[in-house]
Amino acid sequence: MTQIRKVPASAGADWLVTGFRLLRRSPLGLGTLGMLFGLLGLVANLALQRSVELAMVLQFALILLGPLLLAGMVYAAREVEAGRPATPGHLLRGMQEGKAPRLLATLLPQIAAVMLLMVLLFALIGPSGIESMAETLQKLQGQAQPDPALVSELPLRRMMLWLLIAIVVGVLTGFFTFTALPDMMFTERGAFAAMGASFRACLRNLPAMLVFFVLLAIAVVVLQVLVLLIAAIVGSVAGLFAAEIVVQLVVPAVLMPAITGAMYIAWRQMLGDGAGPSGAAAPPARHGL
């Protein structure tokens with residue numbers, strides 16, 4: 001069985017900080033990879049304005065490509081740590097060496113989570129309740145100030161319960177893939193063995209995972225605010241379309257390299273050999289940001 005190391009809670013902060021540090025070391029290389037990731041999402045969103053069917057096909061393709069692209073960015077993070085440049089070709093690294101089927105298997109926990117949440121939604125609210133809720137929400141969208149009578153018709157308690165369950169299920173689902181992608185990229189471990197090891201590692205190091213997710217949520221909010229401010233300035237000069245492009249490209253250009261870099265560092269500390277590509281010992285966990 002895979003040996004899982006225990007790390008302090010502060011390691012969660014170290015993962016995120018190191019992810020941003022790797023991005024700072026290679027802003028053009030890693031930033032370009034994140035921007036390419038965002039460009040694919042932008043194309044899918046623009047397709048929605050022309051054809052719903054085409055947009056659905058592109059969204060499905062993007063979902064399938066997701067694990068492969070993330071694995072490529074994890075590989076690029078290790079290259080940057082080793083002092084080598086990150087290149088756009090690294091995005092395709094997950095499709096090489098016969099690893100694609102293993103990486104695509106990480107979609108299975110997500111599919112299972114979606115099915116579970118759909119079943120729970122029908123169990124908590126019911127088909128007629130969901131239809132009534134959709135009609136009420138549609139009416140509320142057309143109002144400048146929401147009508148309290150309409151809001152009272154919504155099953156708010158059951159909706160909040162379902163949302164809470166969805167958050168828990170989403171976090172647990174993420175446990176299956178958090179270190180699985182780097183595990184499959186840098187070892188010969190199979191998909192289910194890697195996902196099982198990832199889940200156990202996250203549970204054993206739950207305090208570090210909680211610190212990481214809390215700090216990541218804060219970082220996302222700060223980044224979104226900063227990017228929206230930049231987009232507002234760009235929009236006032238070049239129009240709303242240019243502002244949308246800024247948001248769609250800049251956020252993933254910063255966020256995706258930081259997250260995948262954190263995934264690589266977390267794998268190395270909890271499951272890997274504990275040393276970087278050059279054989280140097282992993283840096284100690286630092287407290288806070």
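Helices here are DSSP runs of H or I with at least four residues, numbered from the N terminus. Keep that in mind as we walk through this predicted model, where local features need pLDDT of at least 70, side-chain atom pairs count only at pLDDT 80 or more, and totals for chains, interfaces and linings use all residues. Residues are numbered from 1 along each chain as its sequence is written, and side-chain values use heavy atoms, with hydrogens and water left out.

Let's start with the largest pocket. A pocket is an open set of points on a 1 Å grid over the protein atoms alone, where a 1.4 Å probe fits, with protein on both sides within 12 Å along at least five of seven lines; its lining residues have an atom within 4 Å of a point. Here 26 residues form the lining, and Leu70, Gln110, Gly170, Gly174 and Thr177 lie nearest the centre. Two or more lining residues come from each of α3 (52–81), α5 (107–125), α8 (156–177), α11 (206–238) and α12 (240–270). Helix α8 gives the largest share, 6 residues.

Now follow α12, which bends by about 25 degrees at proline 252. That bend is the angle between axes fitted to the seven residues ending there and the seven starting there.

Finally, look in helix α3 for glutamate 79. Is this residue buried or exposed? Glutamate 79 counts as buried because its relative accessibility is 9%, and buried means under 20% relative accessible area (1.4 Å probe, protein chains only). Leaving aside neighbours within four places in sequence, glutamate 79 is in contact (heavy atoms within 4.5 Å) with Arg84, Pro85 and His90.

Conventions: Buried means under 20% relative accessible area, exposed over 50%, partly exposed in between (1.4 Å probe, protein chains only).
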